[in-house]
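Hello,

Here is the structure I promised to send over. Please open it alongside this message; my notes follow below.

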Amino acid sequence: MLLVMVGSIFAVFFLAGNVFADGYGKEVEVNVMSYNIHHGVGLDGKLDLNRIAEVIEDAEADIIGIQEVDRYYGARSDFQDQAKELAKILGYHYVYGANLNLAPAEGREENRQYGTGILSKYPIIDSENILLNSFGNEQRGLLRAKINVRGVHVNFYNTHLGLTVNERVAQVEEINNVKNIFPGPSVLVGDLNAEPNSEEFQLLLNNGNFVDTFADEDEEDANTFPVIDPIKRIDYILTSPHIEYSDQEVIDTQASDHLPLVTELTIKR
């Protein structure tokens with residue numbers, strides 16, 4: 001009987017040790033990326049989702065917000081379901097948000113869709129695509145997902161904002177409102193079409209809603225557009241204030257017309 005009890009106690013400690021070894025400790029680390037993939041077409045004009053996937057793999061990104069993602073959209077992307085294809089290549093979970101949902105192309109049954117996606121190494125608990133006020137211009141959206149990162153539920157948001165200041169101000173206000181509905185650690189990534197000193201970007205930082213993970217980087221090192229000799233920072237990774245961040249990097253690649261960026265986050269339980 002004593003041997004059984006000792007064996008049971010040992011088993012409990014052994015299992016507990018394995019749990020903590022697998023990351024169930026006081027904090028979790030996760031690499032996040034934002035990447036406008038330009039429907040998989042690089043500067044050479046070639047459609048190549050495998051090339052996009054290689055960029056993600058080389059960066060060891062765990063959760064990725066992708067923008068300008070086609071789903072059965074047309075010949076430019078070979079009528080691919082691009083979020084699904086990338087998830088299949090990477091072996092990741094995914095969700096897709098269609099901001100444009102058009103009638104099928106001639107001879108096809110699927111609606112032509114264009115929007116954003118989230119790829120995740122970790123399980124996605126729930127998600128929704130929230131259409132943002134776009135003032136009659138191209139419809140924009142906020143793709144929201146709750147992701148279980150080794151026991152920590154992270155609110156992950158991905159967006160691609162409009163082309164006018166008035167649109168972006170309204171869209172940012174909506175994003176702030178959505179963020180306030182969902183408690184817990186939050187990450188917002190995306191192509192904001194706005195530079196750091198803009199009114200609309202500063203609205204995201206007001207009241208401590210989000211922190212800019214690239215704020216302390218040299219300006220030239222943080223620029224994401226255009227790909228060759230980038231002069232603008234319009235792509236971002238933002239977090240709620242209590243998330244720690246490190247190893248920020250803009251990745252040099254010509255697989256799209258934007259440069260992807262990645263940051264390692266440390267989220268306390």
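pLDDT is the predictor's confidence in each residue, on a scale from 0 to 100. You need it here, as this is a predicted model. The protein's mean pLDDT is 92. Of its residues, 91% reach 70 or more. Residues 1–23 are another matter: their pLDDT is below 50. Beyond near neighbours in sequence, that stretch has six contacts in the model.

Look next at strand 2 (residues 63–71) and strand 4 (residues 112–120). They pair in the antiparallel sense, over seven bridges. In one of these, Gly65 has Ile118 of strand 4 as its bridge partner.

Then helix 4, residues 165–181. It has 17 residues and spans 25 Å from first C-alpha to last, close to the 24 Å expected. Which residues of helix 4 are buried? They are Glu167, Arg168, Val169, Ala170, Gln171, Val172, Ile175, Asn176, Val178 and Lys179. What covers them includes strand 5 (124–132), strand 6 (140–149), strand 7 (152–160), strand 8 (186–191) and helix 5 (199–205).

Best wishes

Key: Residues are numbered from 1 along each chain as its sequence is written. This is a predicted model: local features need pLDDT of at least 70, side-chain atom pairs count only at pLDDT 80 or more; totals for chains, interfaces and linings use all residues. Side-chain values use heavy atoms; hydrogens and water are left out. Helices (H or I, at least four residues) and strands (E, at least two) are DSSP runs, numbered from the N terminus. The expected span of a helix is 1.5 Å times one less than its number of residues. Buried means under 20% relative accessible area, exposed over 50%, partly exposed in between (1.4 Å probe, protein chains only). Contact means heavy atoms within 4.5 Å. Two strands pair if DSSP finds at least two bridges between them.
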